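Work through these exercises with the structure open beside you. Try each task before you read its solution.

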Number of protein chains: 2
Amino acid sequence: MTEQTALSRAETSRARLLEAAVTAFAEKGFHGTTTRDIASAAGMSPAALYVHHKSKEELLYLISKEGHDDTLRLIRGAIAASDNPVDALRRVVYDFATHHARDHVGARVINYEIGALTPDHLAVIRRLRREIDDEIRALVARGVDAGEFHPRDPRLAATALLSLGIDLARWYREGGRWTPDQIGKEYADMALDIVAARS
Amino acid sequence: MTEQTALSRAETSRARLLEAAVTAFAEKGFHGTTTRDIASAAGMSPAALYVHHKSKEELLYLISKEGHDDTLRLIRGAIAASDNPVDALRRVVYDFATHHARDHVGARVINYEIGALTPDHLAVIRRLRREIDDEIRALVARGVDAGEFHPRDPRLAATALLSLGIDLARWYREGGRWTPDQIGKEYADMALDIVAARS
């Protein structure tokens, strides 16, 4: 066995454990999940889990960290795609909503289980969430400055936009009335109503 | 001790246990909470808990049942208060939002812990949630029929209105930027934007 193969096998095991942890945490919550549940869903022994990850909490942290990093990247990409606040808002709300609908299982974990993180880990995740909120708020403020948006309370409008996307993690299921794309398009239009954009 | 006093003592114990359970479930989730946690927060022994409630799950069910009954009553009351769909929408969104902000601890439990209910209990709660959803949808449909509301997708607009209120259970904290009343008023106005009400 070459060193390369050994490395990629470890990577595969680590990824499999993370995937099993997301599913288990989404279904039974962090506290309702045992390391044994995660290990056996990944086809490993509980002891094998500890070869790859320090603890159940570390798995939650890795899931949360990666999830929030992805969301922040996605939001920054969408906002950077246009100088026009109307187009940027449409795009970021579409991307944020479709992401939460498509990955509603992961989104459930990263939005509703963060209370189980250690204080140090929670601080990192809170910082990332603040950066996400700040991006949306800055975009709304930019639209207001440009005379394009006229919300009564720009900050609460930004909070409402985030709520619409995040709450998809709670209610969205595959095979329901709408596809992620349909929700994304509709929420993008709705976002312009919420910030009172002049068309 | 009269029979009356004995009865009211049992009632008091039962209520104290429910209150302790709400706080514990909101903080650590249903699975992260032990009956011992609940009993000691209520100043009782674990054995005493079982005198009053069959199980931890029964406590969750009672909390969920009462919470959803209250919400349904509140929604029906607000909607019945006016024949005018614009006024009724304003009122119901105000009441729904302020309720979720003020009782965000209880709302967290009844919105995010229902997966821990037994199938029979879950069916009861799902039915109540459907009735709540139906009330909001029917009101939006009534506004559309009256030519007052012009949403692109009435059903998704109703879902968005529910999301704004429910997500308060996740993010609202006392002492933040807005009071429940401020959020209620702002969301009532925003609701009219979401359903594209003609003013």
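A crossing of two helices is left-handed if the near helix is turned anticlockwise from the far one by less than a right angle, and right-handed if it is turned clockwise. Keep this rule at hand for the helix pairs below. Note also that the model is predicted.

**Exercise 1. Get an overview of chain A.**
Task: State how many helices and strands chain A has, and describe its extent and its burial.

Solution. 
- Step 1. Count the elements. Chain A has ten helices and zero strands.
- Step 2. Write the pattern along the sequence. It reads α-α-α-α-α-α-α-α-α-α.
- Step 3. Box the C-alpha atoms along the principal axes. The box for chain A is roughly 60 × 35 × 35 Å.
- Step 4. Look at burial. Of the 199 residues in chain A, 40% are buried.
- Step 5. Look at contacts between residues at least 6 apart in the sequence of chain A. Of these, 72% join residues at least 24 apart.

**Exercise 2. Relate the two chains.**

Solution. 
- Step 1. Compare the contact residues. The same surface serves both copies, as 100% of the contact residues of chain A recur in chain B.

**Exercise 3. Describe the interface.**
Task: Say which elements of chain A give two or more residues to the side that touches chain B.

Solution. 
- Step 1. Count the residues. The contact takes 23 residues from chain A and 23 residues from chain B.
- Step 2. Find the elements. Helix 6 (104-112), helix 8 (154-166) and helix 10 (180-194) of chain A give two or more residues each.
- Step 3. Pick the largest share. Helix 10 of chain A gives six residues.
- Step 4. Sort by class. The side of chain A that touches chain B has ten nonpolar, five polar and eight charged residues.

**Exercise 4. Follow helix 5 of chain A to two partners.**
Task: Describe how helix 5 of chain A packs with helix 7 and how it passes helix 10.

Solution. 
- Step 1. Start with helix 7. Helix 5 and helix 7 of chain A pack at an angle of about 155°, with their axes 9 Å apart.
- Step 2. Classify. Helix 5 of chain A is therefore roughly antiparallel to helix 7 of chain A.
- Step 3. The crossing of helix 5 and helix 7 of chain A is left-handed.
- Step 4. Name the residues. A:P85, A:A88, A:L89 and A:V92 of helix 5 meet A:L139, A:R142 and A:G143 of helix 7.
- Step 5. Turn to helix 10. The axes of helix 5 (residues 85-102) and helix 10 of chain A come within 8 Å and cross at roughly 145°.
- Step 6. Helix 5 of chain A passes helix 10 of chain A in a right-handed crossing.
- Step 7. Sort by class. The contact of helix 5 with helix 10 of chain A has twelve nonpolar, two polar and four charged residues.

**Exercise 5. Examine B:F96.**
Task: Is B:F96 buried or exposed?

Solution. 
- Step 1. B:F96 is in helix 5 (residues 85-102) of chain B.
- Step 2. Count neighbours. B:F96 has 26 C-beta neighbours inside 10 Å, so B:F96 counts as buried.
- Step 3. List contacts. Leaving out residues up to four places away in sequence, B:F96 touches B:I75 and B:G165.

**Exercise 6. Examine A:A196.**
Task: Where is A:A196, and what is its phi?

Solution. 
- Step 1. A:A196 is in the segment after helix 10 of chain A.
- Step 2. Read phi. Phi of A:A196 is near 50°, a positive value in a residue other than glycine.
- Step 3. Most residues other than glycine have a negative phi.
- Step 4. With 18 other C-beta atoms within 10 Å, A:A196 is partly exposed.

Key. Residues are numbered from 1 along each chain as its sequence is written. Chains are lettered from A and ligands numbered from 1 in the order in which they are written. This is a predicted model: local features need pLDDT of at least 70, side-chain atom pairs count only at pLDDT 80 or more; totals for chains, interfaces and linings use all residues. Two residues are in contact if their C-beta atoms, placed from the backbone, lie within 7 Å. Helices (H or I, at least four residues) and strands (E, at least two) are DSSP runs, numbered from the N terminus. Ala, Val, Leu, Ile, Met, Phe, Trp, Tyr, Cys and Pro count as nonpolar, Asp, Glu, Lys and Arg as charged, and the others, Gly among them, as polar. A residue is buried if 20 or more other C-beta atoms lie within 10 Å of its own, exposed if 12 or fewer, and partly exposed in between; C-beta atoms are placed from the backbone. Axes are lines fitted to C-alpha atoms, for helices over the stretch in contact, and angles run from 0 to 180 degrees between N-to-C directions. Angles under 35 degrees count as roughly parallel, over 145 as roughly antiparallel, 65 to 115 as roughly perpendicular and the rest as oblique.
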